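Let's take a friendly walk through a protein model. Please keep the 3D view open while you read, so that you can find each part as it comes up.

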Amino acid sequence: MKNADAPSLPTLIAAILSTKGGVAKTTDTANLGGYLADRGLKVLMIDADIRQPTLSSYYPLDNEAPGGIYELIAQNKLDPATIISQTSVARLDIIISNDPRGELMSLLQAAPDGVIRLRHLVRQIPGYDVILIDTIGARTIALEMVLLASDLIISPVLPEMLSAREFLRGTLQMYRDLQPFTRYGIPLPPLKAVINKLDHTNDAREIHHNLLQVLQHKQKEQELLVPTEILMTPVYASVAYRRAASLGLPVHRLDASRAKGRATPCAAETMQMLAEELFPQLLALPHQQMEGIA
């Protein structure tokens, strides 16, 4: 449950979303979830990647529910004991992806409310400060469903021209295609792009700078339908993220301090800066600070 002594805010629903695969959406979801939980927030992750459900096995489960996203979406089941599993990280729960035959996609396409079904269901799940949704890396009805269910979209972009073009062409185009839903009282969520796997090459930094300029131009020309920004905090390429995934740990616990002479932030610094950019209101609440660090 939420901290009863803290001011109450509505549950924030944030999706880590891109129409391009391989941009480390699951890594961002798992590590943001782990960091926020260690900051004292009650966090629910939803693995909505029904093709490659990596998030479902990222952390060991202390208690695995009999159901998951299939029961939530196909059967409208909301009983926590049925659909919500507890991870080994305190205050971090998950609805696993359990649709190995891919039946959900056909169900969503056939259902009259398919594209907005998750929006109604996820808002009935009580007791969490934030819900983080990991998504499929392709333009599908499942991806559109998650976008329309969310209060905030976090879109990872790799520091390479192909990924930057896909962000501008794919993700922003999806926003334009879904704009008609605003006529029915479903607002499109603000979009925040995070540069993932940033290295020290001039090319990577140049793409980061160019993306900022392109977005500023599109904002000026009123081509963007929602507030859109490139976050100031990039996620640097580091073996710590791969090691943390192998160990089933939040990366900030593994890479907790910056070694002398290291030019880039450690993972703990990165997660702190990224979370504070994304969720300033949540982290301003008087939760216990960084509890449970290994």
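This is a predicted model: local features need pLDDT of at least 70, side-chain atom pairs count only at pLDDT 80 or more; totals for chains, interfaces and linings use all residues.

**The annotated span**

Let's start with a record. An unreviewed UniProt entry places the feature "domain: AAA" at residues 13-164.

| Helix pair | Angle between axes | Distance between axes |
|---|---|---|
| H6 (residues 141-149) and H7 (residues 161-178) | about 75° | 11 Å |
| H4 (residues 103-110) and H6 | roughly 70° | within 9 Å |
| H1 and H11 (residues 267-278) | about 85° | 10 Å |

Take H6 and H7, with their angle of about 75°. Angles from 65 to 115 degrees count as roughly perpendicular, so H6 is roughly perpendicular to H7. Where do H6 and H7 meet? On the H6 side you will find Leu-143, Glu-144, Leu-147 and Leu-148, while H7 brings Met-174, Tyr-175 and Leu-178. By class, this contact of H6 with H7 holds 6 nonpolar residues and 1 charged residue, with no polar ones.

H6 also packs with H4, and their axes cross at roughly 70°. That angle makes H4 roughly perpendicular to H6. From H4, the residues Met-105, Leu-108 and Gln-109 meet Ile-141, Ala-142 and Met-145 of H6. The contact of H4 with H6 has 5 nonpolar residues, 1 polar residue and no charged ones.

The next pair is H1 and H11, at about 85°. Here too, the angle makes H1 roughly perpendicular to H11. H1 takes part through Asn-31, Leu-32, Tyr-35 and Leu-36, and H11 through Met-271, Gln-272, Leu-274, Ala-275 and Leu-278. This contact of H1 with H11 counts 7 nonpolar and 2 polar residues, and no charged ones.

How can empty space be found? Rolling a probe the size of a water molecule over the atoms shows where it is left.

The largest pocket holds about 520 Å³ of space. It is lined by 24 residues, and those closest to its centre are Val-23, Ala-24, Lys-25, Thr-27 and Lys-197. Helix H1 (25-38), strand E8 (191-198), strand E10 (235-236) and helix H9 (239-247) each give two or more residues to this lining. Which element gives the most? That is H1, with 4 residues. Sorted by class, the lining of the largest pocket has 8 nonpolar, 10 polar and 6 charged residues.

The second largest pocket has a volume of about 200 Å³. Among its 13 lining residues, Leu-9, Pro-10, Leu-12, Gln-281 and Leu-282 are the closest to the centre. Helix H12 (residues 280-283) supplies the largest share of this lining, 3 residues. By class, the lining of the second largest pocket has 9 nonpolar, 2 polar and 2 charged residues.

Definitions and conventions. Residues are numbered from 1 along each chain as its sequence is written. Side-chain values use heavy atoms; hydrogens and water are left out. Axes are lines fitted to C-alpha atoms, for helices over the stretch in contact, and angles run from 0 to 180 degrees between N-to-C directions. Angles under 35 degrees count as roughly parallel, over 145 as roughly antiparallel, 65 to 115 as roughly perpendicular and the rest as oblique. Contact means heavy atoms within 4.5 Å. Ala, Val, Leu, Ile, Met, Phe, Trp, Tyr, Cys and Pro count as nonpolar, Asp, Glu, Lys and Arg as charged, and the others, Gly among them, as polar. UniProt positions are given in the numbering used here, feature names are shortened, and annotations may be inferred rather than shown by experiment. On a 1 Å grid over the protein atoms alone, a cavity is a set of points where a 1.4 Å probe fits but cannot get out, and a pocket is an open set with protein on both sides within 12 Å along at least five of seven lines; lining residues have an atom within 4 Å of a point. Grid points are joined across faces, edges and corners, and a volume is the space filled by probe spheres set on the points.
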